[in-house]
Amino acid sequence: MKQKVTIGKIWGLIYPMLIYVGVTFVITMAVTFLITFFRIFAGGGYDQEAITNFTLNAIYNSLMQITLISAVATIPIMLFFIYRDVKQEKLNHRYVKYEKVNPWKYLFILPFAYFNMIWANIFVGILQMIMPDFMLQSYETTGQVIYQSGFAIQLLTAGIAAPIVEELIFRGLIYKRLTRITNIRVAAIFSAFLFGLYHGNWVQAPYAIIFGLVCVYVYEKYKSLAAPCVFHIATNTFATLMNHIMQPEPTTATTNVAPGTDGMMIMCLIMIICALFAFLIGFAISKIVNPKEISE
């Protein structure tokens with residue numbers, strides 16, 4: 001039986017995101033204070049304009065590091081809320097336990113993540129060709145922050161830390177809480193759209209929505225939050241590696257240059273092939289991974 005929609009339930013969908021934003025803000029302010037402090041007392045003098053410019057530039061160049069620290073700091077907070085939710089479900093006799101999936105079956109997630117990453121990236125790339133400039137520009141700052149960072153920090157932040165905290169928030173808390181008040185399909189769609197909006201720009205939003213839906217599929221098949229975490233980490237890691245190999249120079253990735261007819265046909269063909277492979281692997285997962293409910 002589904003629970004009633006209340007202000008408390010709605011707030012429960014919002015505050016995990018706000019906490020992450022709040023942690024990021026606090027850490028950003030702390031880093032700003034430290035940078036300003038050392039700039040003043042390390043022989044820099046007290047030229048307000050010079051200090052402001054130095055601090056803003058230093059913060060801008062450290063945004064990926066700040067994101068990494070914020071994600072790591074937020075992970076235990078989200079784990080606590082998930083633990084509290086599970087405890088409450090057990091008290092209300094709503095908790096359902098499933099047998100653990102053989103670790104070897106998690107290997108199916110890796111090619112599933114790779115082919116989904118390829119076709120979704122091409123799809124979004126095609127969308128970018130028809131996006132107006134204001135949509136493309138919404139990603140400009142994000143693209144600059146990501147691609148100006150070193151490969152190692154990109155891998156640690158975008159490849160590992162960010163996927164974990166985002167899965168804890170959007171699948172472990174938001175999606176799971178939505179399933180208590182609505183059916184799985186509505187919960188999947190709504191949480192995926194929240195995931196897209198959370199990214200804050202038109203370029204990443206469609207990609208995030210697609211992957212929000214796929215992450216729910218993986219979560220439901222494996223009945224474990226570890227599965228979408230593996231999927232998300234694999235996806236972002238593959239994307240980071242490919243970007244590092246194919247784009248050695250920093251770029252904002254917002255140029256709207258349309259390929260020729262032959263290039264478009266090749267892109268569409270690759271997208272279709274990768275989508276087909278992703279579908280087949282997803283179908284295999286649906287047949288091979290079926291953890292049974294454990295009665296307590």
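This is a predicted model: local features need pLDDT of at least 70, side-chain atom pairs count only at pLDDT 80 or more; totals for chains, interfaces and linings use all residues.

Colleague: How do α7 and α10 run relative to each other, roughly parallel or roughly antiparallel?

Modeller: Helix α7 covers residues 151–178, and helix α10 covers residues 226–246. Their axes cross at roughly 155 degrees and come within 9 Å. The cut-off is over 145 degrees. Therefore α7 and α10 are roughly antiparallel.

Colleague: Which residue classes make up the contact of α7 with α10?

Modeller: α7 brings residues including Phe151, Leu155, Ile164 and Arg171. α10 brings others, among them Cys229, His232, Ile233 and Leu241. By class, the contact has 10 nonpolar, eight polar and three charged residues.

Colleague: How is α8 set against α9, oblique or roughly antiparallel?

Modeller: Helix α8 spans residues 184–198. Its axis comes within 7 Å of the α9 axis, and the two cross at roughly 140 degrees. Roughly antiparallel would need an angle over 145 degrees. So α8 is oblique to α9.

Colleague: Is the crossing of α8 and α9 left-handed or right-handed?

Modeller: Residues that meet there include Ala188, Ala192 and Phe195 in α8, with Ala208, Leu213 and Val216 in α9. By class, this contact has 11 nonpolar, three polar and one charged residues. The crossing of α8 and α9 is right-handed.

Colleague: Which residues does Ile174 touch, leaving out those up to four places away in sequence?

Modeller: The largest nonpolar core has 66 residues. Ile174 is among those with the most contacts inside it, together with Ile169, Val218, Tyr222 and Phe231. Beyond four places in sequence, Ile174 touches Leu13, Met17, Ile169, Ser191 and Leu194.

Colleague: How many residues are in the other core that lies apart from it?

Modeller: Val23, Ile35, Ala58 and Ile59 are among its members. This other core lies apart from the largest one. It has seven residues.

Colleague: Is His93 buried or exposed?

Modeller: His93 sits in the loop between α3 (63–91) and β1 (97–98). Its phi is near 60 degrees, a positive value in a residue other than glycine. Most residues other than glycine have a negative phi. Relative accessibility is 73%, so His93 counts as exposed.

Colleague: And Lys223: exposed or partly exposed?

Modeller: Lys223 lies in the loop between α9 (204–222) and α10. Its phi is also positive, near 55 degrees. At 32% relative accessibility, Lys223 counts as partly exposed.

Conventions
Residues are numbered from 1 along each chain as its sequence is written. Side-chain values use heavy atoms; hydrogens and water are left out. Axes are lines fitted to C-alpha atoms, for helices over the stretch in contact, and angles run from 0 to 180 degrees between N-to-C directions. Helices (H or I, at least four residues) and strands (E, at least two) are DSSP runs, numbered from the N terminus. Angles under 35 degrees count as roughly parallel, over 145 as roughly antiparallel, 65 to 115 as roughly perpendicular and the rest as oblique. Contact means heavy atoms within 4.5 Å. Ala, Val, Leu, Ile, Met, Phe, Trp, Tyr, Cys and Pro count as nonpolar, Asp, Glu, Lys and Arg as charged, and the others, Gly among them, as polar. Buried means under 20% relative accessible area, exposed over 50%, partly exposed in between (1.4 Å probe, protein chains only). A nonpolar core is a set of buried Ala, Val, Leu, Ile, Met, Phe, Trp, Tyr and Cys residues joined through side-chain atoms within 4.5 Å. A crossing is left-handed if the near helix is turned anticlockwise from the far one by less than a right angle, and right-handed if clockwise.
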